[in-house]
Amino acid sequence: MGEREAWTTEEFGSSHEGAGGVLLADGTVPAPVLAEMNSGAGGGSVSEWSVYDGALAHGPRAAALRAVCSCGWNGPRHELDWDAIGEQKLIEAAHGTADTCLEDWDAHTVDVEQKAIPLPEMITVLLTQLHGEIEKLARTSPLAAVRAARRLEVTAAQVGYWPAHDARHDTTAEQTAAALGLNEDDARKLMARFGHWSPYL
């Protein structure tokens with residue numbers, strides 16, 4: 001896959017990395033486009049939606065855009081009206097369509113969050129309050145805020161140790177990943193970090 005702008009959330013990271021995807025008129029996904037360097041020494045590949053304008057030395061012309069996610073989810077197809085686009089640059093003419101794709105992906109991550117194991121409301125409220133208090137502290141004492149963040153980091157490591165071990169014995173890798181809203185590889189690494197075991201065991 002070539003380089004392109006990626007969308008992520010803090011909680012789900014690379015497990016649900018989104019991007020604007022391209023579809024050709026026949027419904028296929030085009031290959032990445034080779035990006036030539038100004039020096040003529042060659043370059044990497046790019047799959048950013050805006051390069052598929054059909055121009056000379058660019059990729060084929062995109063027929064539609066859609067949101068895509070690293071988990072395999074694809075958003076709905078949004079057609080591009082090339083009669084309306086005319087001579088405009090695709091990145092400018094289809095900016096609104098790309099924004100719609102981002103909104104589709106946002107809705108997907110909300111669905112992922114809703115399908116993850118729910119947290120008690122009190123825990124959610126306390127975490128939100130703590131976040132706000134540390135941000136407030138940062139305005140008057142940045143170093144105190146850093147220390148508070150560090151204490152929070154230490155607390156997370158302490159309280160996550162035994163639950164990680166218990167969950168490791170009681171659930172499958174697939175169940176763990178689904179509950180955390182992550183892919184199995186990321187879930188395995190997270191559990192290993194909290195449980196202090198090797199992620200390769």
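His196 is exposed, at 59% relative accessibility (exposed means over 50% relative accessible area, buried under 20%, and partly exposed in between, with a 1.4 Å probe and protein chains only). The model is predicted, so local features need pLDDT of at least 70 and side-chain atom pairs count only at pLDDT 80 or more, whereas totals for chains, interfaces and linings use all residues. Residues are numbered from 1 along each chain as its sequence is written, and side-chain values use heavy atoms, with hydrogens and water left out.

His196 sits in the segment after α7. Helices (H or I, at least four residues) and strands (E, at least two) are DSSP runs, numbered from the N terminus. The phi of His196 is positive, about 60 degrees, although His196 is not a glycine. Most residues other than glycine have a negative phi.

Helix α5 (residues 142-170) and helix α7 (residues 184-195) cross at roughly 120 degrees, and their axes come within 7 Å. Axes are lines fitted to C-alpha atoms, for helices over the stretch in contact, and angles run from 0 to 180 degrees between N-to-C directions. The two helices α5 and α7 are therefore oblique to each other. Angles under 35 degrees count as roughly parallel, over 145 as roughly antiparallel, 65 to 115 as roughly perpendicular, and the rest as oblique. From α5, the contact (heavy atoms within 4.5 Å) takes in Ala156, Ala157, Gly160, Tyr161, Ala164, His165, Ala167 and Arg168. Met191, Phe194 and Gly195 meet them from α7. By class, this contact of α5 with α7 has 7 nonpolar, 3 polar and 1 charged residues. Ala, Val, Leu, Ile, Met, Phe, Trp, Tyr, Cys and Pro count as nonpolar, Asp, Glu, Lys and Arg as charged, and the others, Gly among them, as polar.

Two residues of α5 can be set side by side. His165 lies in this helix and is buried, at 17% relative accessibility. Leaving aside neighbours within four places in sequence, His165 is in contact with Gly195 and Trp197. Gln158 is also found in α5, but Gln158 is exposed, with a relative accessible area of 56%. Gln158 and Leu180 are 22 residues apart in sequence and 19 Å apart in space, C-alpha to C-alpha.

Helix α4 (residues 121-140) packs with α5 at an angle of about 150 degrees, with axes 6 Å apart. The pair α4 and α5 is therefore roughly antiparallel. Leu130, Ile134, Leu137, Ala138 and Thr140 of α4 make the contact with Pro142, Ala144, Ala145, Ala148, Ala149 and Leu152 of α5. Its residues divide into 10 nonpolar, 1 polar and no charged.

Helix α6 (residues 173-180) and α7 have axes that come within 9 Å and cross at roughly 90 degrees. That makes α6 roughly perpendicular to α7. Here Ala173, Glu174, Thr176, Ala177 and Leu180 in α6 meet Glu184, Ala187, Leu190 and Met191 in α7. The contact of α6 with α7 divides into 6 nonpolar, 1 polar and 2 charged residues.

The largest nonpolar core has 17 residues. Such a core is a set of buried Ala, Val, Leu, Ile, Met, Phe, Trp, Tyr and Cys residues joined through side-chain atoms within 4.5 Å. Those with the most contacts inside the largest core are Val22, Trp49, Leu65, Leu80, Leu90 and Ala94. At least two residues of this core come from each of β4 (64-69), α1 (82-85) and α3 (95-115). A second, separate core of 5 residues includes Phe12, Val112, Ala177 and Ala187.
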